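Subject: Handover of a structure and findings

Dear colleague,

Please find below the structure that I am handing over to you.

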Amino acid sequence: MPIYRFTSMKRLLESLVQKQNTLLSPRKWEDPYENALAASLRYERKDGSTVPYPLRNRVYGQCWTIVPETDAFWRMYVPPREGVRIKSTIRKLHRSLELSCSAYASMSCFIGRVQYKSEEAITSLFNDNDWVKDHFRNQGTPGHVETLLLKRTEFIPESEVRLLYLDPHNRDHGDSFSYDFDPSSTILEVTFDPRMEDTLCQTYESILKISGFTGEINKSHLYRTPKITICV
């Protein structure tokens, strides 16, 4: 299944040159509901004292979408005339993370579709002690991952797919986590911002090829003037 990510040309080139993909901590995401449950959860000790959920800061994610293109995506998620859309597949993206973390892949590498629920529904789940215990104790890591695939209905147009990494050694990598990957086998296509000047597109295309990118390169036709002939 094809998936897409809108980013800046600068970040794409950094990824190609360094051959690394970078995931961000949910604490850097704008939605305050992201990882909110893990951030606020506390475990009670036998003596009655409590400690923060120990795995709350060991998770990292990257947001993709199943929607090929919208005007809003180009205007909201990339700098004007400097943005690109990269295309991959769910299998290829997940595999790139698995290969980098092969020893613990089954307990640290995940990908999934975001489920959109009302704020009341999400809050109700978070306030359900049985649901919380099931997801953070009995299910362990998979349960924590499921809570990171919940988002409010106001964000439905994003149609997100999330690549998620949970450090198996419970290490906090700070605001981001990078892993080694092969861009040529993961990224299938690069599409330039429809507002980008053609001469700049040509320059960037040359740079991409020099950087080793072998996939398809094109420019979005979203704002192309239609050619219409009317006979009267």
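Predicted model: local features only at pLDDT ≥ 70, side-chain atom pairs only at ≥ 80, totals over all residues.

Residues are numbered from 1 along each chain as its sequence is written, and side-chain values use heavy atoms, with hydrogens and water left out.

Overall picture. The protein chain has ten helices and 13 strands; these are DSSP runs numbered from the N terminus, with helices (H or I) of at least four residues and strands (E) of at least two. Of its 232 residues, 43% are buried (buried means under 20% relative accessible area, exposed over 50%, partly exposed in between, with a 1.4 Å probe and protein chains only). Among contacts (heavy atoms within 4.5 Å) with a separation of 6 or more, 81% link residues 24 or more positions apart.

The cores. A nonpolar core is a set of buried Ala, Val, Leu, Ile, Met, Phe, Trp, Tyr and Cys residues joined through side-chain atoms within 4.5 Å. The largest one has 30 residues, and Met9, Leu12, Leu97, Tyr179, Val190, Phe192 and Leu208 have the most contacts inside it. Elements that each supply at least two residues of this core include α1 (9–18), α4 (90–100) and α10 (198–210). Helix α1 gives the most, with four residues. A second, separate core of ten residues includes Val59, Tyr116, Val145 and Leu148.

Helix α1. Met9, Leu12, Leu13, Ser15 and Leu16 are the buried residues of α1. They fall within an arc of 160° seen down the helix axis, so they line one face of α1; the arc is that of the directions from the helix axis to the C-beta atoms. On the other side, Lys10, Arg11, Val17 and Gln18 are exposed. The buried residues of α1 pack against β1 (2–8), β2 (20–24), β6, α9 (183–186), β12 and α10. Just after the helix, Lys19 takes a positive phi of about 55°.

Salt bridges. The structure holds eleven salt bridges (a side-chain nitrogen of Lys or Arg within 4 Å of a carboxyl oxygen of Asp or Glu). In α1, Lys10 and Glu14 are four residues apart, about one helical turn, and their side chains meet at 2.7 Å, N to O. Lys10 is exposed at 56% relative accessible area, whereas Glu14 is partly exposed at 35%. Another salt bridge joins Glu160 and Arg162, with the closest N and O atoms 3.0 Å apart. Here Glu160 is buried at 5%, and Arg162 is buried at 0%. In α10, Glu205 and Lys209 also lie four residues apart and form a salt bridge of 3.3 Å, N to O. Lys209 is exposed, with a relative accessible area of 52%. Salt bridges that share partners join Lys151, Glu158, Glu160 and Arg162 into one network.

A loop residue. Val67 lies in the loop between β5 (59–65) and α3 (71–76) and counts as buried at 18% relative accessibility. Beyond residues up to four places away in sequence, Val67 touches Tyr4, Phe6, Phe73, Pro157 and Ser159. The C-alpha atoms of Val67 and Glu158 are separated by 7.6 Å, although the two are 91 residues apart along the chain.

Yours sincerely
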